[in-house]
Amino acid sequence: MILYSGKFQTEIKRSAELLKSYYPELDSLDLCLQDSGCGCLSVRKTDSRWEIKAGSQAAFLRGFGHALADSEVEENASFEKLGIMLDCSRNKVHKIDFIKKFFCKIALMGYNFAMLYTEDVYVLEDEPLFGYMRGAFTAQEIRELDDFAFALGIELTACIQTLGHLAQILQYKEYLKCRDTAHVMMPESPDTFALIDKMLCFWEKNLRSGRIHIGMDETRDLGRGRYLDINRKYVDGYTLFSSHLNKMNELCQKHGLRPIIWSDMFFRLGNPGWLYYDLETVIPEEVKTAIPENIQLCYWDYYHDDADFYGNYISKHRNLGYEPLLGSGVWTWSRIWYDHKKTVLTALPGIAAGIKTGLKEIFFTMWGDNGGYCLYESALAGLEMCAGKAYGSDPEQHDLYAARCKKICGFDYQLYLDVSDIYDGKDDFILPEWIYWDDPLQGQYITACRNRLPQEFTVFYDKINKNILRLEQSGTGDDALLTLCAMYRCIKAKIDLFLNLNHAYSTENRAALKQISDEQLPEIISHCHQYCRLFRDNWLKNAKPFGLEVMQRRSAGMICRLDETRMRINEYLDGKTDAIDEIDVRLSSAVTEGNPFTACWIS
């Protein structure tokens with residue numbers, strides 16, 4: 001029962017009815033709501049009745065989450081908009097049902113803003129290649145999500161691209177006239193503007209927000225491709241960028257949309273090294289005056305661990321004459337699991353700076369660089385912690401977060417953090433996913449890790465073993481954790497193979513080589529097949545099938561190479577060859593610097 005007759009009565013009733021279909025236990029709670037008239041959130045229990053005082057719909061729903069978790073708190077809503085950004089453009093396009101459940105969970109955390117990062121994954125009329133075989137959202141799906149988010153008090157917006165990061169569509173010859181470089185659209189082209197006009201029309205029709213993030217980041221090679229070939233003269237990037245931005249602003253106004261752009265290009269254009277995060281950067285006056293007045297700048301920063309730096313950069317944006325929103329990050333990219341240490345180091349200082357400087361809007365990106373293979377359920381642990389920090393809780397209040405995650409998300413918060421300890425939070429050199437994909441014969445990545453960071457690699461190996469044991473002893477039925485455990489088994493087995501093969505081959509221990517071929521390699525292949533099955537099941541449960549093929553090809557290629565390793569060992573043992581060349585090279589390798597996988601980076 002909910003007793004409430006305040007200013008958010010209609011909104012709360014709508015949200016409560018929707019949430020009860022996902023959380024039936026809400027119906028049994030005795031909730032008495034009162035408007036606080038300010039940003040404070042108070043949740044107190046008297047006998048069996050919960051008294052919740054709040055100043056916004058989002059805070060009330062966060063209060064519901066506290067009541068579900070049987071937690072009494074005094075908090076403060078520091079931001080007008082607390083949001084997320086879900087990457088739907090790096091292979092994985094999440095299913096509508098998954099996103100709906102995700103929205104329910106973040107609503108109970110106190111979030112009221114969400115962006116879908118959609119480069120080309122939405123259906124455009126008369127553009128059959130736009131989002132082709134990419135799991136593109138239909139207009140009906142977006143409207144359904146928008147209605148659902150609205151019922152939860154969440155402003156749903158699109159985060160698209162209107163200049164760079166469009167390699168997926170620009171690869172087709174049908175869009176040659178729109179292409180400057182492989183990733184960047186042709187500036188000053190009527191064909192480019194016609195396509196973007198269709199993009200904006202799609203979002204105008206299907207979202208009620210009125211705001212749209214139009215991207216325009218990281219376009220350093222603007223004007224240096226076909227534009228240069230066709231015009232036969234060099235035009236500096238700033239001139240082209242400014243012209244394009246003004247055209248985008250006109251198109252947004254035509255469609256009644258208020259544009260947001262990533263701010264990095266303004267800082268890069270004022271820096272001789274094209275650096276974004278240089279405190280000495282001086283933005284030319286002509287750059288400042290050329291920014292359209294109704295553009296909102298988004299300061300993105302997923303890397304700094306110093307609140308003062310964030311504060312300085314928020315001031316730099318304000319000195320341009322604009323109130324920014326901050327895009328921080330809950331680290332999911334290039335990882336199968338949420339990276340807790342990295343998020344603590346980088347997101348929490350950003351939140352602290354936002355509170356200190358009176359920032360109005362902050363959101364947390366969940367990128368999918370390198371394939372979108374993260375088990376995104378794990379990111380909810382980070383979103384819960386960041387929401388707690390934004391509402392004034394201590395990030396070390398693990399008991400509070402654990403109780404809330406158990407009730408809101410259905411997982412063991414502490415276990416989710418424990419298995420994330422495989423990431424060191426700083427170096428990012430030793431990543432489990434890359435060991436999984438490392439070639440078993442060449443072993444370039446493991447060799448580089450062991451040679452450059454031998455002690456850290458030993459610690460990493462120990463953590464893998466501990467996490468396997470930890471997960472096995474937990475008896476969890478959590479499919480995300482089961483999938484993670486299966487990958488950890490593959491990684492442990494591959495490291496063991498690497499070490500055993502090096503030793504057996506270098507000592508010419510034929511019996512050991514025979515055992516590796518007959519027992520160890522078949523066992524590793526079995527582990528890999530199990531992981532692939534679990535990964536597939538999780539993917540198809542939460543996402544559209546498009547993009548899964550990329551991950552399956554990577555695993556299939558690695559399994560094929562494990563088969564090749566076995567055949568090469570047998571040929572060596574049978575005398576058909578007098579050496580295994582790849583192992584000879586890696587045993588003599590002096591590689592100590594650099595990361596060989598960076599050459600194979602897939603975004």
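**Close-up 1. Trp262 is a buried residue of this predicted model.** Its relative accessibility is 1%, and Trp262 therefore counts as buried, since the cut-off for that word is under 20%. Phe363 is buried too, with a relative accessible area of 0%.

**Close-up 2. The rings of Trp262 and Phe363 form a tilted pair.** A pair of aromatic rings is described by the distance of the centres and the angle of the planes. Here the centres of Trp262 and Phe363 lie 6.4 Å apart and the planes meet at 45°, so the pair is tilted. Trp262 belongs to strand E10 (residues 258-262) and Phe363 to strand E13, so this contact ties together parts that are 101 residues apart in sequence.

**Close-up 3. Tyr117 and Trp367 make an edge-to-face pair.** The structure holds 44 aromatic pairs, and this view shows one of them. With ring centres 4.8 Å apart and planes at 80°, Tyr117 and Trp367 are edge-to-face, because planes over 60 degrees apart count that way. The pair links distant parts of the chain, 250 residues apart. Look for Tyr117 in strand E7 (residues 113-117), and for Trp367 in the loop between strand E13 (361-366) and helix H13 (379-390). Both Tyr117 and Trp367 are buried.

**Close-up 4. The charged end of Arg62 sits over the ring of Tyr391.** The distance from this charged end of Arg62 to the centre of the Tyr391 ring is 4.8 Å.

**Close-up 5. Arg335 lies over the face of Tyr423.** In this view, Arg335 is 5.2 Å from the centre of the Tyr423 ring.

Conventions. Residues are numbered from 1 along each chain as its sequence is written. This is a predicted model: local features need pLDDT of at least 70, side-chain atom pairs count only at pLDDT 80 or more; totals for chains, interfaces and linings use all residues. Side-chain values use heavy atoms; hydrogens and water are left out. Rings of Phe, Tyr and Trp (its six-membered ring) pair if their centres lie within 6.5 Å; planes under 30 degrees apart count as stacked, over 60 as edge-to-face and the rest as tilted. Helices (H or I, at least four residues) and strands (E, at least two) are DSSP runs, numbered from the N terminus. Buried means under 20% relative accessible area, exposed over 50%, partly exposed in between (1.4 Å probe, protein chains only). A charge sits over a ring if NZ of Lys or CZ of Arg is within 6 Å of the ring centre and within 35 degrees of the ring normal.
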